[in-house]
Structures are given as structure tokens and as C-alpha cells.
Amino acid sequence: MLISGLRTRLVLAFLLVAAVGCGTTAALTYREARNAILEQAQDTAVSSFRDQIQELHLNLPPNNEQMQGMVRGLARQGKPRNWWVYVEYGSVRISSGTNPTSTVITPELRRQARGTPHGSFQRVVKNGEPYLTVVVPVVFKTAQTGTGGQTVRPTGLTFYAVMQLTDEQANIDAMVVAARDGALPALAIALVPALLAARSVLRPVRDLRQAARSLGRGRLDTRIPVKGGGELSELARTFNESTAALERSVDELQRAEARARRFASDVSHELRTPLAGMLAVTELLDEDAAGLDPDTAAAVRLISNETGKLAVLVEDLMEISRFDARAAELNTDEVDAAETIRRTLQSRHWTDPAEIVLDLPDGIRARLDPRRFDVVIANLVGNALRHGRPPVTVGLRAESLAQDPADGAGGVALWLVTEVADRGPGIPPDVLPHVFDRFYKADQARTRSAGSGLGLAITLENVRLHGGTVRAANGPDGGAVFAVEIPLTASEVTA
Amino acid sequence: MRSVRSLALESASLLLAGCGIQASEVVEAGGPAVVPVAPDQLERMLLFFVGPDGRPIPVARPLDWGDSPPPTAKTLAALLADPTEEERAAGITTRLPAGPKQVEVVPAAREDSVVGQEAGRPAGAPEAVRVTTTSRCRSLDAAPLRQLVCTTAHAEDPEGLVKVALTGSDGSLLAAGCA
């Protein structure tokens, strides 16, 4: 899970908020509770110490035995727990313990006791142990007892008490543990709404992604259900509107294209019949041309020639229309490839060894549509003879080619490779990508050519129908090379 | 993200530092302990000596004669004599100059009243008790002066609120109270 993931960030934000909340609450509660515990312990200790001292009776100066008795008595009454009691009078230091003076009591506390007639306390941490030190100076009323005199004078006697805060420490430690043990489950519980919130946010995002992917596969009728009125449903609505607009435009384009194709197809059909009549007439005229005067004979031959080209063009147009309408059918037959090519060349009278060099090994049998394969070879060889220079080499071989990885497991299949090469100047590099385009003229200045301008386009469509490819390139020693690759298992390839 | 992280770290360390019991300043909590002193006021004389730290320490000596309260002059004479052995053992000393002294006391209310007869005047009398000694007093420190003033004030007045004007061999001082 990436840190930049939406889900992670949402969950982390949630946990952070929960942690800050838990932590702040726990810290504040802890501080208040700790202060309350300590305050209670301190106040109780100071007031009970003072109360117990006030039960005493003094002589001035008190003798050592009297002070020892007082200290022991106070230490015995230690409340709420045991304390060590120290007394200081003049130069006398007496304690309830073994040392006459305490090492825990700080000089500040002594100074405070001398300076003001008040009880005081101070918390001291010594060797990691917390102690409470209490000082209570002793005063007496100078007036006769019971007369309500107000004046008090210090007796010079000062009592100190030192107690360990172990119980308080334990309580406070317990609070820390409780806060931690409470905060961690709270965080764990906060994980649940965090995940739920992340899910509720991420579900529309996931829907959107799936919809976009399905749109990319061409399903333009994909829509997202719009729920509620949040930003995400706003996004879904916008997506739906965009998809609908896209669907409309694509639909319109397709219909326009279909109309254009039907028009081309209709036009060629309509032209075919009058052209057939014109052809018959021009043939007759051609035969009689010898008997006409030379100017008329030239005009008649020109008309006959152009009419023939027009007929070819219309045939080609009809052929390409069939491809566009996906009406072209593949009628395969198992044939010998070399024999098929040879027959094609013979029927066109391309048999002069000076012009055509053949490299056709016998015995390669392939499932081909003989008529379409004939068109392919005739187009390529005719093209080479027209635009290149002889000799034109026609080669045939069966080759193991790595299968296109998109088709399957990337295995190796046998392909029938037919190559037509000429010795001409080759194809300029800027023309190479367009040689199979319809009506593409390599030389813009040459508006008239012997071909219809559809020959290579029809070749490409025929090869595609066989499940193969045709590529144009320039050979190493000059001249254009057209290679037709058709899978030898063509029977399995559906058009 | 980085600043947030450092903030969290800081607050966490602050929280940890705030855990447990910390040492504190000295905190005042309530008054001192008020203790009855024996013998009671009528049966004692209150003398203010000085402890080892220079602060006054009162000593309550039982009266060994019948007249109570004793005349202030007698109380001052007891003060001018040194502390007893028991008192000295507790670190109690006097800062008053040694040597024989004579003390005369004129009570505050009326100068013509009989010496030592009017000890129980109303508290807070505005006028001062006059004490005349044969020893010097202007050159004395604060501690011995406080000894004289406080002892006199408490001998004259149970509340010790009366003012005392001292006159010694080297001149007189302004009237002062026992603070």
C-alpha cells in the first residue's frame, strides 16, 4: 500500500485525528488527576502534621528528652502513612530516624520555615524516589491561656516531616498505564470508521475507474450510477454527460462514414453498366481504327484506353467498397503457393526472364484464397514493373516467425513469406508510411498514372483478410522490397 | 508532513516528560502550629535570647517568687544576666554586652505612676515605656536591641504591643515595638 494512496492517506488522517484527540484527552485527564492526587496527599499531610503538633505542650526551652518524646510520638501517629519526623531547636537536631538531620530536606525549605510563620511543603525527587517534605514552625500565644490574646511569637522550634510518595507514584503510574491501554484500543477502534469512510469515498472512484476502462474498450454506453449530491457524484454526473456527448459524436461520425461508403459503392455500381457498354463499343472502334485517318484513329485509341482505365478504377472502387462494408469473403483452398504465383505471372504474360526472376521453391502448400492471392501478387509485380526497374525478383519461402505477443503465448508459427523486389530507385523515406494509402501519389506533380491509385490499398486489404501483413521497405542494394507474410495455418484464421 | 511529524514527536516527548511525580517549589500551606507553653503567662517571665542563627528565641522561666507578674526591672535584670546552662546547651546565647548593669523602667501610661504597679494596662497603649540602662545602647546591633525591646514589651504587656524607648549611657533611641 503506497503512502500516496487515497485510502492510506484517509486512514492515516483519521488515525492522526483520533490519536491527537485521545492523546490530548488522556494528557489533560492525567494531569488533572495527578495534580488532584498530589494535592490531596500534600494537604492531608500538612494539616494532619500541624494538628498533631498542636496537641503538644512545650517548655521553653524544651529539654532533649521532651523533644525526643515529641518526635517519637509524632512519628508513631504518622498519617496517612509513615513519615520521618525531625525537630530543630537552636543548635539541637533530633529525629525519629537514625540520622539527626534529613538529606532530603532542601535549603530552600529551611529558609522558608525561618522566613515566614507558615507551614510549607516541597516535593523532592531524590535517587528517582519522590518525597514530600513538610515543615511546620511552632509558635505560641504570649497572652494567658484562654484570654483570647492574639499575639503569637515563634518558639524557635521547627518540625519537619519527610514521607515517601510511593503510593501516589503507584497510582499515577497506574493512570499512565490506563491512559495508554485506553488510547491504543481507541485507536484500533478508530481504524474501523476510518476504513469505512475510506471505502465510501473510494467506491465511486473505483466505479469511475471501471467505467473509464470500459469506455476505453469501446463501450460508449457506459454510465455511472449517480448517488447523492457530493463532489464525487458531481464528478460522476459530468462523466456521464461527457460519455453521452462522446457517444453521440461517434455515432454521427459512423453514420456519416457509412453514408459516404454506401455512396461510393452505389456510384461504382451505377457506373458499371454504362461502362460495360462503352467498353464493348470502344473495342469495336479499336478494331476499326486501322481504317480511319490517323488523327481520328489516335482519338479513338485514347478514348478506348481511358475507358479501360475507368473500368479498372470502378472495379477497384467496388472491391474496396466491399472491404469497407466488411462484405469481402475469403474462399480458401489448399494450393501450392509457387504454382499459384507462376500461374498469376503467366496469365499476365510476365514471363520474360530479363524482367522477372523467380525464386519459387515447390512444395509449400498453403490455405489461400487463390483469387485474392492472385490480386496481391499481380498488384505487387505490376507495381514493381511500372515504378521500379527490371529485373523484378519474386521470392517465396516458409519462415518461422515469433508470434505477435498480443495474439497469444508468444509461440513460434510458420509463415508464408512472399517477397517482390525491384532494382529501381526505391521509395523515398517520407513516402514509405503512405504507400498503402488510397489514391496516394508518391509524386505530387505526376497526377496521371497507369494504376487506379487503389492497387496497394486493395493488396493490403486482401492480405489482412488472410490474417497476414504486407510491409514496404528499401532493399540493401537499392530498390523497393514488398514482403507479404501470411500465416501457413491460414485455415484457422478467421477474416 | 515533516513538520507534522516533528510536532507529534515534540508533544509526545513533552507528555513523557510530564509523567510521574516532579519535584516542586516550596509551597506555603496554612499557618504554623500554635502550641500552649508551660508555665502559663502569669507564672513565667518571658526572656528573649538569641539562637545560633541570630534570630530571637524566647525562654519562659518559671517565677520563683510570689509576686506575679514580676516587675519589669527584675525581668530585664534576668535578661541581662547570661542564659542558664541548660539554655546554653540548646545553643541559646545573648548578644547583650557583659558586665554589671543597672536598669530603670518608667511604665508608659503616666510618668508619675508608681514603678511596676500598673502592669495590666489596656493593650495598644500609645505611649512608650521608658527604659534607662547604665550600659550603652545606641551602638548596639539589631539583635541585642530586639532582645531588650521584646523582653520589656512582653513584661509590660501580655500581648507585647507596647512601644519601648531605650536610653543608655551613650544616648537614647526612638521608641520601637517588638516585631
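## Helix packing, strand pairing and the A–B contact

The helices α1(A) and α4(A) cross in a right-handed manner, where a crossing counts as left-handed if the near helix is turned anticlockwise from the far one by less than a right angle, and right-handed if clockwise. Helix α1 covers residues 6–54 of chain A and helix α4 covers residues 166–216 of chain A; they pack at an angle of about 160°, with their axes 7 Å apart. Helices (H or I, at least four residues) and strands (E, at least two) are DSSP runs, numbered from the N terminus. The axes are lines fitted to C-alpha atoms, for helices over the stretch in contact, and angles run from 0 to 180 degrees between N-to-C directions.

Before going on, a word on the model and its numbering. This is a predicted model, in which local features need pLDDT of at least 70 and side-chain atom pairs count only at pLDDT 80 or more, while totals for chains, interfaces and linings use all residues. Residues are numbered from 1 along each chain as its sequence is written, and chains are lettered from A and ligands numbered from 1 in the order in which they are written.

Back to the helices: α1(A) and α4(A) are therefore roughly antiparallel to each other. Angles under 35 degrees count as roughly parallel, over 145 as roughly antiparallel, 65 to 115 as roughly perpendicular and the rest as oblique. The residues of the α1(A) contact with α4(A) comprise 31 nonpolar, 3 polar and 3 charged. In this classification Ala, Val, Leu, Ile, Met, Phe, Trp, Tyr, Cys and Pro count as nonpolar, Asp, Glu, Lys and Arg as charged, and the others, Gly among them, as polar.

Helix α4(A) also packs with helix α5 (residues 231–288) of chain A, at an angle of about 10° and with the axes 10 Å apart. That makes α4(A) roughly parallel to α5(A). From α4(A) the contact draws on Pro204(A), Leu208(A), Ala211(A) and Leu215(A), and from α5(A) on Leu232(A), Leu235(A), Ala236(A), Phe239(A) and Thr243(A). Two residues are in contact if their C-beta atoms, placed from the backbone, lie within 7 Å. By class, the contact of α4(A) with α5(A) has 8 nonpolar, 1 polar and no charged residues.

Now to the two chains together. The model scores ipTM 0.81 and pTM 0.57. Chain A brings 58 residues to the contact and chain B brings 43 residues. On the side of chain A that touches chain B, α1(A) gives the most, with 11 residues. That side of chain A divides into 26 nonpolar, 23 polar and 9 charged residues.

Strand pairing comes next; two strands pair if DSSP finds at least two bridges between them.

| Strands | Sense | Bridges |
|---|---|---|
| β1(A) and β3(B) | parallel | 2 bridges |
| β12(A) and β13(A) | antiparallel | 6 bridges |
| β8(B) and β9(B) | antiparallel | 2 bridges |

In the pair that links the chains, Asn59(A) has Ala38(B) of β3(B) as its bridge partner. Within chain A, Arg471(A) stands opposite Ala483(A) in β13(A), and Ala472(A) stands opposite Phe482(A) in β13(A). The hairpin of β12(A) and β13(A) has 5 residues between the strands, and Gly478(A) takes a positive phi near 80° there.

In chain B, 4 strands form an open sheet in the order β6-β7-β8-β9, with mixed pairing. β6 (103–106) and β9 (171–172) of chain B stand at the edges, each with a single partner strand, so one side of each is left without a neighbour in the sheet. Thr167(B) stands opposite Ser172(B) in β9(B).

Two backbone details in chain A deserve a look. The peptide bond from Leu60(A) to Pro61(A) is cis, with omega near -10°, and Pro61(A) lies in the loop between β1 and α2 (64–76) of chain A. Asn127(A), a residue other than glycine, has a positive phi near 55°, and its place is in the loop between β4 and β5 of chain A.

Finally, confidence in chain B: its mean pLDDT is 77, and 75% of its residues reach 70 or more. The pLDDT is the predictor's confidence in each residue, from 0 to 100. Over residues 110–126 of chain B the pLDDT is below 50, and this stretch has 20 contacts in the model beyond near neighbours in sequence. Where pLDDT is low, the predicted coordinates should not be read in detail.
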